[in-house]
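Dear colleague,

I am passing on the structure below, together with some notes on what came up when I went through it. Please read them alongside the sequence and the model.

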Amino acid sequence: FFVRKVAALIASKGKKVIGWDEIVKGGLAKGAAVMTRHYTQILPAIRADKPPLVLTTGKNCYLDYYQGDPLTEPEAHLFTNRLSDSYRFDPVPPGIRSREVLGGEGCLWTENVPNTRHAQYMTWPRAMALAEVLWSTEKSRNWNGFVRRVEIQFRSLDARHIKHATSMYDPIVSAMRDGNDSLRIAIATEVGGLDLFYSFDGTDPDSFYPQYEGKPLSIPTGATEIRVVTYRAGHPLGKEIICPI
């Protein structure tokens with residue numbers, strides 16, 4: 001009742017109404033557009049109205065989420081949205097027609113963003129991924145090509161003293177159980193062309209340490225952590241991951 005009453009007042013002033021998913025509850029106000037982060041949940045309620053939509057899914061568009069391993073990132077919201085997740089954003093997902101979509105949005109909520117420099121760090125380069133997804137066709141997108149262009153933009157940002165994250169270079173450490181229920185550790189990277197080096201003995205690895213070859217690692221007896229770094233062409237990149245076992 002409240003939303004419809006306010007929507008009518010706004011419309012009477014020649015303005016258009018837009019609101020988050022919650023405005024769908026109880027019936028959508030006439031002419032209202034919906035800013036949706038849970039489009040699959042509201043689809044049944046809006047099929048008849050077919051309102052204009054702005055999509056901003058949390059797993060792709062929320063820039064207040066961690067953009068790398070929480071072990072190395074400043075405090076953020078409890079979920080992770082890597083650069084590659086933003087690049088996978090689909091602004092016209094199944095069940096929605098393109099003419100119903102006004103666009104998309106990247107959201108940077110600032111509960112954990114105390115200053116402008118950190119806002120820059122959380123924004124770039126993920127905003128570049130969202131810009132490319134929203135302003136280009138799906139067929140023209142290429143992740144490896146995008147990464148190369150982001151690296152060029154890093155130089156531009158540095159020249160202008162704009163803070164940005166390089167989390168796309170960081171190792172991604174995960175654990176699994178094998179057939180004998182023994183713990184194994186797998187290591188991956190978000191971008192291609194990186195070499196991974198690791199240690200289990202508490203020392204900081206470099207390019208002279210064991211190199212990860214793609215097979216899950218057994219954990220040496222007594223090891224309490226694994227440390228991993230990434231290199232490219234003999235030079236270190238990103239942050240060292242120190243992951244407690």
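In helix α2, which spans residues 39-46, the residues Tyr39, Ile42, Leu43 and Ile46 are buried. Seen down the axis of α2, these buried residues fall within an arc of 130°, so they line one face of the helix. On the other side of α2, by contrast, Thr40, Gln41 and Pro44 are exposed, while the buried residues of the helix pack against β2 (33-36) and β3 (53-55). Please keep in mind throughout that this is a predicted model.

At the surface, Phe1, Phe2, Val3 and Val6 form a nonpolar patch, which together has about 440 Å² of accessible area.

Trp124 and Pro125 are joined by a cis peptide bond, with omega at about 15°, and Pro125 sits in the loop between α5 (116-123) and α6 (126-135).

His161, although not a glycine, has a positive phi of about 60°; this residue is placed in the loop between α7 (143-159) and β7 (171-177), and it is exposed, with a relative accessible area of 64%. Asp181, likewise a residue other than glycine, has a positive phi near 65°. Asp181 is found in the loop between β7 and β8 (183-189), and at 52% relative accessibility it counts as exposed.

Technical notes. Residues numbered from 1 in each chain as written. Predicted model: local features only at pLDDT ≥ 70, side-chain atom pairs only at ≥ 80, totals over all residues. Heavy atoms only, no water. Patch = residues over 30% accessible without salt bridge, like charges linked within 9 Å, V, L, I, M, F, W, Y side chains within 5 Å. Areas by Shrake-Rupley, 256 points an atom, 1.4 Å probe, with all protein chains shown as cover. Salt bridge = Lys/Arg side-chain N within 4 Å of Asp/Glu carboxyl O. Buried < 20%, exposed > 50% of the residue type's maximum accessible area, 1.4 Å probe, protein only. Helix = DSSP H or I, 4+ residues; strand = E, 2+ residues; numbered from the N terminus. Arc of directions from axis to C-beta. Contact = heavy atoms within 4.5 Å.
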